[in-house]
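Here are some exercises to work through with the structure open beside you. Try each task before you read its solution.

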Amino acid sequence: MGTLVASLDELVAVEKAQQVILEEVAPLPAETVALTDAYGRTTAVDLSSDIDVSPFDNSAMDGFAFRAADVADASEESPARLQIVAHIAAGDWYGEEVQPGQCVRIMTGAALPDGVDAVEMIEKVAFTERGLVGDYLVLDHPVETGKNIRYAGEEIKAGTVALSAGTTIGPAAMGLLASTGNTMVPVHRVPTVGILSLGSELVEAGEYPTPGHIRNSNGPALVGCVTRAGATPKLYPTLPDDYEAIKATLAQAIAECDFVISSGGASAGDFDYITDIADDLGTVYFKYVNMRPGKSQTFAVIDNTPFLGLAGNPAAAVCGFEMLVFPALQKMLGRKTLFHPTQQASLGKDTKKKGARENYLRATLARNADGQLVATPYRNQSSALFSTLQTSDCLVIVPGEVNFLPAGAEVTCVHLDITAGTVI
């Protein structure tokens with residue numbers, strides 16, 4: 001159980017709001033999926049290898065394998081001559097030991113026979129006739145022991161962990177799991193996020209709005225936010241400002257989803273019902289967050305399911321999602337890194353703000369002529385605009401106690417264009 005704020009009228013700091021929400025979520029239970037379906041999922045347990053990788057010593061080059069001692073004194077004046085006794089392709093197995101004065105022609109990835117301890121690439125040797133069995137390798141230089149050899153277990157030993165729990169599976173991880181015999185992978189279940197769009201002024205995106213109405217743009221935008229976060233969106237039909245209709249649909253979404261969000265109806269207007277409805281159905285933890293855009297945000301837990309009522313303005317809804325919902329979904333997915341990466345940059349222009357709320361300015365990042373990273377906020381920071389949000393790659397944080405920052409000031413940027421956990 002999280003901690004209720006002292007008063008629902010309290011303006012909760014962003015960090016506190018994140019903490020309260022994160023206390024109410026946990027990694028979802030594990031399910032097992034085929035390796036080919038595991039991309040983007042998060043491992044629920046440590047996954048170990050059933051064999052050494054590689055399972056045998058093998059050649060890293062097309063060339064010849066021999067005893068390094070046999071060519072230790074090789075020179076242009078006195079080249080070594082070694083008899084070729086086998087031609088080994090990848091997948092072949094030569095069961096005999098190579099004797100002193102002998103060598104084998106070998107292909108990349110082929111298993112090394114007993115008795116050899118070095119490989120020289122074919123471009124650096126000479127040989128008699130076609131270089132096949134019965135011919136001779138001619139080498140005019142020494143080769144150190146271990147050259148061009150990939151040893152058994154060099155990447156991972158049998159019984160050791162290939163991927164630890166909490167690893168997000170990418171292409172290379174899929175290859176590693178395949179090589180270690182993990183064809184069925186226990187991963188955390190992907191959360192389903194219910195999305196409600198509230199407001200009698202809204203019509204669906206496919207409808208032509210009549211006077212006084214606008215298309216529902218927040219719903220599709222939040223579908224994109226949820227998808228980018230790695231979760232599964234479930235978009236419900238647009239709802240009018242009707243207490244009972246909203247309550248019934250919210251209750252339905254709570255029963256069907258792992259996390260529910262709404263946009264609109266979260267402020268203090270005559271038809272803003274979401275806080276009262278959430279309080280009616282569950283326990284409300286806060287309703288105001290110290291951020292701009294996105295002050296009015298109601299967080300509640302209803303039947304053990306977290307719910308966040310986002311503000312209705314587009315930029316406010318998306319910024320609220322990225323700062324508060326995104327980390328919670330990462331935790332539910334079982335991931336180790338919960339927050340968007342941040343980076344310091346130089347402010348591109350003088351920036352003023354009003355009030356004491358922490359501002360999240362839509363901005364773009366670029367390198368100047370000196371290679372310095374510069375964050376330039378858009379002139380129009382209206383929370384009603386999608387256009388500036390769409391072309392932004394970061395949010396510049398202006399602390400609540402600051403009302404003016406000069407161009408060149410160092411600021412913290414929250415990246416929205418880079419995967420969580422990326423080192424920048």
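A crossing of two helices is called right-handed if the near helix is turned clockwise from the far one by less than a right angle, and left-handed if it is turned anticlockwise. Keep in mind that this is a predicted model.

**Exercise 1.** Describe how α1 and α6 pack against each other.

*Solution.* Step 1: find helix α1 at residues 14–23 and α6 at residues 314–332. Step 2: look at the geometry. The two axes lie 9 Å apart, at an angle of about 35°, and the crossing is right-handed. Step 3: list the residues that meet. From α1 come Val14, Ala17, Gln18, Ile21 and Leu22, and from α6 come Met323, Leu324, Pro327, Ala328 and Lys331. Step 4: sort this contact by class, which gives eight nonpolar, one polar and one charged residues.

**Exercise 2.** Find the largest pocket and say which elements line it.

*Solution.* Step 1: the largest pocket holds about 560 Å³ of space. Step 2: its lining has 34 residues, and Ala311, Gly312, Asn313, Pro314 and Ala316 are the closest to the centre. Step 3: β15 (214–215), α6 and β24 (358–367) each give at least two lining residues, with β24 giving the most, four. Step 4: by class, the lining has eleven nonpolar, 15 polar and eight charged residues.

**Exercise 3.** Which residues lie nearest the centre of the second largest pocket?

*Solution.* Step 1: this pocket has a volume of about 330 Å³. Step 2: among its 15 lining residues, Thr168, Gln330, Arg335, Thr419 and Ala420 lie nearest the centre. Step 3: the lining divides into four nonpolar, seven polar and four charged residues.

How values were computed: Residues are numbered from 1 along each chain as its sequence is written. This is a predicted model: local features need pLDDT of at least 70, side-chain atom pairs count only at pLDDT 80 or more; totals for chains, interfaces and linings use all residues. Side-chain values use heavy atoms; hydrogens and water are left out. On a 1 Å grid over the protein atoms alone, a cavity is a set of points where a 1.4 Å probe fits but cannot get out, and a pocket is an open set with protein on both sides within 12 Å along at least five of seven lines; lining residues have an atom within 4 Å of a point. Grid points are joined across faces, edges and corners, and a volume is the space filled by probe spheres set on the points. Ala, Val, Leu, Ile, Met, Phe, Trp, Tyr, Cys and Pro count as nonpolar, Asp, Glu, Lys and Arg as charged, and the others, Gly among them, as polar. Axes are lines fitted to C-alpha atoms, for helices over the stretch in contact, and angles run from 0 to 180 degrees between N-to-C directions. Contact means heavy atoms within 4.5 Å.
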